[in-house]
Amino acid sequence: MENGRNITIAVLGVFTAIAMILLAYPENAPALDNKLARTPPMGWNSWATYELKIDEALIRAAADAMVSSGMKGAGYEYVIVDAGWKAKNRDDRGRLQADSVKFPSGMKALADYVHSRGLKFGLYTDAGSEDCVSGAPGSKGFEEKDASTFAEWGVDYIKEDWCNTAGMSAKEAYTKMSRAILATGRPIVFSMCEWGDNKPWKWAAPAANLWRTTGDSKDCWDCGRKTMNQPGGYPRGWVLILEAQPALASFAGPGHWNDPDLLQVGHPGLTIEESRAQFSLWAILAAPLITTNDLRSMTPEIQDILLNQEVIAVDQDVAGIQGTRVRANGSSEVWMRPLSDGSRAVVLFNRSQHSSTVRVRWTDIGRKQTDDLPVRDLWKHQNRGSRKDGYSAPVPPHGVVTIRVGPPGGRMQ
Ligand code: GLA
């Protein structure tokens, strides 16, 4: 009798605990079960540098450069062809086809080439009646056909945009494409691009591996502030995108990521310090690391940024916890991401146009003031010894100092 009561109490206790977790994290609906993107996808996308001026030679060259530059070795995997690849009309069986001038060998041949370099192949489409700017057909009403065409071609990643969708429900449209992709049986990462207009972080995890959280990024610091809230995803500086992320952190996790858009690293509108800052902060955000620079002509400084294994390791941490801003004091900010080994990645971010010392206190990152914690600088690749109370460093204008702070009693590798 006593035993039975104990069992009942234990069972009730477990149910209560589960209910509390579900109430605390209502966003934890079952994620898309395609077993892909367990860490944020890494790759290259043609859009921000080339827009519609793409062809098969360019994409092949990008795949080659991904290998020869060391990007592939560092973990970049997907070569993603954005808008500009489609012919203006479907074929007589209603299937999408490649623009025969720009892609005369067709998309299957291009996918084969990308695969032959040990990489994966991504392709763009749109959920509406027509792509955003190319005038080519969108996938509306053709979801099954397009998903199976992509699967036959060997596509590994589909980015679906949200232009020309008047009157459509984003949740229904993306769920339809998601099911069509799953039904092909081919493992394909599904990337939603509706610019955060319908708050996808609240509902998209069961449908997609990643969803854009804002309109397009541009290679500038904070340009576009005035126009950024207009519908349609006006381009804006990456700092404005960053500002929108803290509220979204709890919605991301393995297989379902917030996507704050492309890395502008290596584009002329960013200084080296700004490029380093965006890269570090995207790692804190567990953001997809999708570059869009010309991989064939990277300067050594840009290569050092994109190939920094210590910062990439932060982004790719298997716990998949998205970090956030833990302190903001004028133009000095501290961002933190908890990592699977108990350490914390910390970015000291100076938003001002002057050098400034930025400080993190251990209490900002969930540690005790008296804890003695080992610190490593992830850009200088140097240990900084064990510190009590916190860590301060001079940070260049629009720049970062990025550190890893070990757990109490932990040792830095
Ligand atoms: C939209 C998307 C971009 C890009 C372009 C292509 O603006 O948000 O990422 O795909 O369309 O037209």
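This is a predicted model: local features need pLDDT of at least 70, side-chain atom pairs count only at pLDDT 80 or more; totals for chains, interfaces and linings use all residues.
Reader: How many disulfides does a search of the whole structure find?

Author: One link joins Cys132 to Cys163, with their sulfur atoms 2.0 Å apart. Another joins Cys220 to Cys223, at 1.8 Å from S to S. Counting bonded cysteines along the chain, the pattern is 1-2, 3-4. The search of the whole structure gives a total of 2.

Reader: Which cysteine has the sulfur closest to that of Cys193?

Author: Cys193 is buried, with 2% relative accessibility. A disulfide requires sulfur atoms within 2.5 Å. The closest cysteine sulfur to that of Cys193 lies 7.1 Å away, too far for a bond, and it belongs to Cys132.

Reader: How many residues of strand E18 are buried?

Author: Strand E18 covers residues 399-405. Gly399, Val401, Ile403 and Val405 point one way, Val400, Thr402 and Arg404 point the other way, and all are buried. The buried count for E18 is therefore 7 of 7, where buried means under 20% relative accessible area.

Reader: Which residue of E18 is the bridge partner of Val347?

Author: Strand E13, residues 344-350, pairs with E18 in the antiparallel sense over 7 bridges. Strand E15, residues 372-377, also runs antiparallel to E18, joined by 3 bridges. There, Arg376 has Arg404 as its bridge partner. For Val347, the bridge partner in E18 is Thr402.

How values were computed: Residues are numbered from 1 along each chain as its sequence is written. Side-chain values use heavy atoms; hydrogens and water are left out. Buried means under 20% relative accessible area, exposed over 50%, partly exposed in between (1.4 Å probe, protein chains only). Helices (H or I, at least four residues) and strands (E, at least two) are DSSP runs, numbered from the N terminus. Two strands pair if DSSP finds at least two bridges between them.
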